[in-house]
Each structure stands twice: as C-alpha cells, then as structure tokens.
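Subject: The model, and what turned up in it

Hello,

Here is the structure I promised to pass on. Please open it alongside this email, and my notes follow below.

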Amino acid sequence: MPWLLPKSLNGLLLLGLGILAGPLLLAIVHAAIQMRHLSDASQRLVSDSVQTTRLSQDMYSQIALLERSARLYQVLGEPAVLTAFREHEAKLGAIAAVLRQRLRAPDAEKQLQGLLDVQAQIHAVVVQGRVPASRAAELAQSFVVLEDAASGVVGLNNEQIDADVGALQNGTDKAQRELFFESTMLVPLVLIVVLLFALRLSRPLRQIDRAIGELGRGNFSNGVVVDGPVDLERLGHQLEWLRNRLLELAHERNRFLRHMSHELKTPLANIREGTELLMDGAVGELDSGQREVTEILRDNGIKLQRLIENLLSFSAWQSNNTGLEVSEFRLRPVVKQVLENQQLTLVSQRVRLDVLIEDVTLVADRGKIRLILENLLSNAIKYSPRGGVIVVRAGASGEDLQLEVADSGPGIAPEERARIFDAFYTGRSPSGHVKGTGIGLSVLNEFVNVHQGTVEIVDGEFPGAHFRIRMPLRAVLPDPTKKQADAA
C-alpha cells in the first residue's frame, strides 16, 4: 500500500486535497441540483395554485351572474338579457375546460361533467322563455345544485394543492436526508485522510524534531536519518550535513583547547616549581614582603592550573573521551581537600566558611565530584565581598545526595540564569571582579548530568548565589546498548 502514495510532501498534500475536495464538490453540485429542483417545483406549485384559485373565484362569479341573468330574463324576457345569459354560459364552460386540464384527481372529470350537465339543464329551462311558478322553483333548485357542483370542483382543487404541498415537503425532506448522508460520509473520509497523513508524516517529523533537539543540545554523536517523503528526506540529509559540519568544528575547537592547555601546562609547571623553590628558601631566606609576593605567585599559579584542568576536562568531555570512573568513597575527605586547597585565597579575602557536611558515602566519580566542589567554591570566593560568608552543606536526602554552596555576593541576574551553564558564557561581571573563562559552571553542569543529577539556583535563603545539586548517592553507569537503541 505505501508504494501507492506520492513520494513527495507536495504530492501528499495534493492527494489529500483531492480526496477531500472531490466528494465535497460532488456533494455541493448535488445539493445545488436538489435546490434547483425544489425551487422549480415550489414555483410551479405557487403558479398553479394561484391560477386555479382565480379560476375557482371566476367560476363562482360566473355562476352568480348566470343565475342573475336567468332570473332577469324570466322577468323581462328581453333578448339582450338572454344574450348576456349565453355569454356567461360560454365563460363558465371555458373555465370548466381549463379546470379539466389542470385538475388531476380521478373524480375531477366526473365532478366537472356533473357541473356541465346541471348547466345544460338550466339552459334548457331558460331558453324556453317565461316558466310557471312550479318550474321557477325547479330552476332555483338547479342553481343550488350548480353551486354545489362548483364547490365540489373547488374542493378537488384544494385537495390537489394540499397534495402538491405534501409532495414538495416530502421532496425537501428527502433532499435534506441525502445531504445529511453525504455530509456524514465525508466525516470518515476526513478521518481516513488525517490518519493517512499522521501515519505518513508523524514518524519523519519526530525524527526531524529529535535531530534538531540533539543538535541544539550539542549532541552530535547520533546520525540523522529521516524516512518519509522525499522533501523531508532531503531535509534530513541537510541536517546530517549540518551535524557532520558541527562535529568537525567541535573537534577542531576541542583539539585547539587540548593543544593550548598542554602548551600552557609546561611553563606553568616551571613557574610553580620555581615558586615552591623560593618558598622553601632554595635561594636564601625570604623576608616577609618577598614571601608575600611569592605566595601570591603560588596562589595564582594554582588558580591558573585549575583553569587549565577545567579546559582539559571540558575538551575531553566534549570529545566523548571520558566517562565515569566510579569508586566508593566518603564525601568529607574530598570536601576537606578542596577547602585546604582554597585556604590561602579564603584567608586573603577574609571570607568565613560555614561548613556542614554529613558523613555520607558515595559511589561516584571522585575526580569529577572534586572538580564540582572546586568550581562551586572558587566561584563563591570570586564573588564574595571581603569579610563575607560562604556556606557549604551536603547530606543525604532519600536516595540522593544534596550539595549546596551559597555566597554573600551580588547573586545571579534572572536574565542570565538560562545561560550561565553554557560553555564560554561569562555574563556581566560585577565591578571589581575579573571575568572568568566561562568554563567552570559548564564543566560542573556536564559532570552533574553524567551522574544523572540536576543543578538549580535557589532564591530567598541567602543574599548571593545559591547553587543546589541533587544526584544519586550511587551513580548508575549508562547502558551503551540502550543508547544505541535510542539512536536507532
């Protein structure tokens, strides 16, 4: 059956339009024909009814005039009155002849013939001249019979009109039923067309939507395959070309980051080694001023090393060359190590720590958890004012770990919250603060996501930025077979 369908989206649209427009056009033509027939029938009915009604009125008028002229002639006996009588007779006969053609009832012929017979009897009496009183009563009775016959003809005419009105009503009802039936038949036809389009287009549209979503999220690992009309398949090929191009650009960017990071690590290691030698007094004892300068050099060397590690981690993650190295460990020692690494910076900034860490055991990637803590803490130190407070809390919440870091700095503007986890996005730096690389929070978000966790920004509890991370206490490694099935 699919081979009967058009191969292009335009062909499908034209087919659907034809399937819907054809029956609809036939229904409209049929309805127009039915309305034309009903209109003609109603016009004929009105015309015939008016004419037969006029004939009936003329018949009554001629009978009245006929009776009047007959009575005058009996009294006066003048030839002119007899002539008028005969004229009225002729007109009444003509009216009867017309009614004979128009009335279709079986008894119409008999009724009209009876009327003409009574008229003939009256004629025979009138043309004899004056009649005695006994015959005058008979003549009067004949006119009564003539009027009764005329009433019978009028009754037949009314019955015929009623029958024609009933037939017109039946025809109208029949046309309404036919139009309703045709309209009802269009409903399943429309449903069939909608189902056809849904079956034909829903799958390729879902494939395109999924492909665009993955490209928007920066996931270039799954190929774009679109099965459907040739127009949508062509769009799928263009998306696949775009995916390959973006993947090449991502590889080039990550290659550049790796090379630059490695190139920076060698001179940085020499700087740190020289700084440590100075601190150890390898070239002689340092006075307080020299030692302070050396500590600043060492402190900034550690910061630079951390930035380079973030670059390397980000590059490795974007290249899909890293995964979870799961192990079981206690959280407190990791937090303690991170706090000790930041101790000099905390002292120089005169920032006070408020630490509350429960003794929980994690099954996770220790290195990534350490980098998450370092990025959160260094970010809090960077934006905390001198003499500020940084809060670090962690504990179990059901089957999850809840980790929170908050500072007393200016906080994060609402319009920037949607992008702070994007790579290389630095936002607006408050006065007195140097912009970072925009990598730390991006790496943090990636590492939290790979642990099946979430990062959120909380408002109301602390004056500055307040990050809350939730992730399983026991990390679940992704199933590669499931990933392949999802891609398929």
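Gln 452 sits in the loop that joins helix 10 to strand 6 (454-457); helices (H or I, at least four residues) and strands (E, at least two) are DSSP runs, numbered from the N terminus. Its phi is near 65 degrees, a positive value in a residue other than glycine. Arg 350 is another non-glycine residue with a positive phi, of about 55 degrees. Arg 350 belongs to the loop between helix 8 (343-348) and strand 2 (352-357). With 61% relative accessibility, Arg 350 counts as exposed, where exposed means over 50% relative accessible area, buried under 20% and partly exposed in between (1.4 Å probe, protein chains only).

Before going further, a word on the source: this is a predicted model, in which local features need pLDDT of at least 70 and side-chain atom pairs count only at pLDDT 80 or more, while totals for chains, interfaces and linings use all residues. Residues are numbered from 1 along each chain as its sequence is written, and side-chain values use heavy atoms, with hydrogens and water left out.

Back to helix 10, which is mostly covered: 9 of its 11 residues are buried. Among them are Leu 441, Ser 442 and Asn 445. Which residues of helix 9 meet helix 10? They are Lys 368, Leu 371, Ile 372, Asn 375 and Leu 376, and their partners in helix 10 are Gly 440, Val 443, Leu 444, Phe 447, Val 448 and Val 450; contact here means heavy atoms within 4.5 Å.

Now the largest nonpolar core, which has 41 residues. Such a core is a set of buried Ala, Val, Leu, Ile, Met, Phe, Trp, Tyr and Cys residues joined through side-chain atoms within 4.5 Å. Leu 331, Ile 372, Ile 390, Leu 444, Phe 467 and Ile 469 have the most contacts inside this core. Elements that each supply at least two of its residues include helix 7, helix 9 (366-383), helix 10 (440-450) and strand 7 (466-472). The largest share, 8 residues, comes from helix 9. Leaving aside neighbours within four places in sequence, Ile 469 touches residues including Ile 372, Leu 376, Leu 444 and Val 448. Another core, of 29 residues, lies apart from this one, and Leu 92, Leu 115, Val 126 and Leu 156 are among its members.

Helix 7 (residues 331-341) has Leu 331, Val 334, Val 335, Val 338 and Leu 339 as its buried residues. These cover an arc of only 135 degrees around the axis, so they lie on the same side of helix 7; the arc is that of the directions from the helix axis to the C-beta atoms.

Last, helix 4 (residues 133-216), where Arg 210 lies. Arg 210 is partly exposed, at a relative accessible area of 39%. Val 145 is also found in helix 4, and is partly exposed at 36%.

Best wishes
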